Each structure stands twice: as structure tokens, then as C-alpha cells.
Amino acid sequence: MFDRLKSEIKAIKQKDPAARSTLEIFLCYPGFYALLFHRVSHWLWNHSLKLLARMNSNLARFITGIEIHPGATFGERVFIDHGMGVVVGETAIVEDDVLIYQGVILGGTSTEKTKRHPTVKRGAIIGAGAKVMGNITIGEYSKIGTGAVVLKDVPSNSTCVGVPGRIVKRKGKPNKDVDLDHNKLPDPVADAIKTLQSHLDKTDARIQILYEKNELCLTEDIRDEQEELEDLFKK
């Protein structure tokens, strides 16, 4: 038990540069407390003491601002950073070494009593405010960008950003080091807009050359420009 606590505290020190000491983590980190409470709640839940489990999880939510259903399964060295507003559903599975930021929801999309919450594989990072919904899988060492809404599986060693989430496959070997620069994740929507803007700029330049070669004047009145273009193409 004490070895497990040591590994949890060591993981927090590795993932949070603001952590200055073991005592500070033990006294001041709500994510650390939320998981301690959850270990107890989960044990009670699995031993048919479900009401006590729910009461204990409610107490943890009141103290930490983190709501974890007693039925959820957590691995080792999971770190919930800050944690306020985090919600984890009953059938969610969070494997070892996962990093979760504040405002994250691991939610369900079904009312059936089946596996209806996400599975987050080893080493994944879930950015602040991300919503991961349904019985889907977030692959090992993948990243979910800040504010993303993820409704489909995310492959291992990938990033997922946007609403709805779009996957950007990463090349190379798995990166097992914790990378906190989730604000620098690629944005395929922004890239597409930039490409479109570049195309419009090039089209404007071609039209400008067309006008100049045919000695036409650009006017502020768009109707005049249309008439001039129509006359040009009739020739």
C-alpha cells in the first residue's frame, strides 16, 4: 500500500512542475485525494456495499470537486491535475499513467446498463475541458486537445482536437514522456482555413493580372466589374 502511494506521489511530481514536496501533494492536491477516496468507494462497490460506496464518492465530490462513480476502474499513477469539474462515469476505465486536466468528462451516451463510458489507455493525456463520450477507446499515449469533443475511437500515439474531435496521426515511435504543451497540438480546421485563404489570395492576384493585361479598371462597384468580365470573356 505504501509503495503504491509513493509511486502515485512520484508520478505527480513528474507530471506537475508546481509540485514542490511530498507533504504539499499529500495535503493540498484534490486529484490525489479524489483517487484515494475512489479506491475505497470502488472496493465497497465491488463488495456489494453500493450505498456506502455512493455516499463515500459524494463526500469526495464535496471535498475535491471531482466526481468519480464508484464503478469506474482506475489504474496506477493516474494524475488528475487541479480536477475541478472532472466527471467520470460508472463503466469508464482509466489505465496506468494517464494525465487528466480540469473540466474533463468521461461520459456515457446510452441509458442501457452496458459498457457505455470510455476506456482511456496507458499514458494518454486528456486536455482541460475535453468531453470524451460513449463506449470508445483512447489509444495508448494519445492526446486529446483542450475543449475537444471526442465521439469516436482515437488510435494510439495520435492527437485529437476540435468539435467534433478530428484525429491527427503522429508518426514515429510512441512518446512515453509526458508532454504538457497541449496548447501546441495541431489544428486541422485552422490549417484548412489557412489553405483556403491562401487559395483566395492567389485567385485575387490572378484576377488582378487579368485586369491589368486587358487594361480594365478595378472599380468599387461590383456590378461594373461583372460587366467588364462578361465583355472580356465574350471576346
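The protein contains six helices and 15 strands, assigned as DSSP runs of H or I over at least four residues for helices and of E over at least two for strands, numbered from the N terminus. The model is predicted, with local features requiring pLDDT of at least 70 and side-chain atom pairs counted only at pLDDT 80 or more, whereas totals for chains, interfaces and linings use all residues. Residues are numbered from 1 along each chain as its sequence is written, and side-chain values use heavy atoms, without hydrogens and water.

Of the 235 residues, 38% are buried (under 20% relative accessible area, with exposed over 50% and partly exposed in between; 1.4 Å probe, protein chains only). The largest nonpolar core comprises 28 residues, of which Ile68, Ile126, Ile138, Ile144 and Val150 touch the most other members. Apart from this core lies another of 12 residues, including Ile12, Ala19, Phe32 and Ile125. Such a core is a set of buried Ala, Val, Leu, Ile, Met, Phe, Trp, Tyr and Cys residues joined through side-chain atoms within 4.5 Å.

Four strands form an open, parallel sheet in the order E2-E5-E8-E11, where pairing requires at least two DSSP bridges between two strands. Strands E2 (73–74) and E11 (137–138) are the edges, each pairing on one side only. Within the sheet, two bridges join the parallel strands E5 (residues 93–94) and E8 (residues 119–120); isoleucine 93 has threonine 119 of E8 as its bridge partner.

Arginine 116 pairs with glutamate 90, their closest N and O atoms being 2.8 Å apart. This pair links distant parts of the chain, 26 residues apart: arginine 116 lies in the loop between strand E7 (105–107) and E8, and glutamate 90 in the loop between strand E4 (87–88) and E5. Arginine 116 is buried, at 17% relative accessible area, whereas glutamate 90 is partly exposed, at 27%.

A further salt bridge joins aspartate 97 and arginine 122 (3.5 Å, N to O). Aspartate 97 occupies the loop between E5 and strand E6 (99–100) and arginine 122 the loop between E8 and strand E9 (125–126), so the pair ties together parts 25 residues apart in sequence. Through shared partners, salt bridges join Glu76, Arg77, Asp96, Asp97 and Arg122 into one network.

Methods:
A salt bridge is a side-chain nitrogen of Lys or Arg within 4 Å of a carboxyl oxygen of Asp or Glu.
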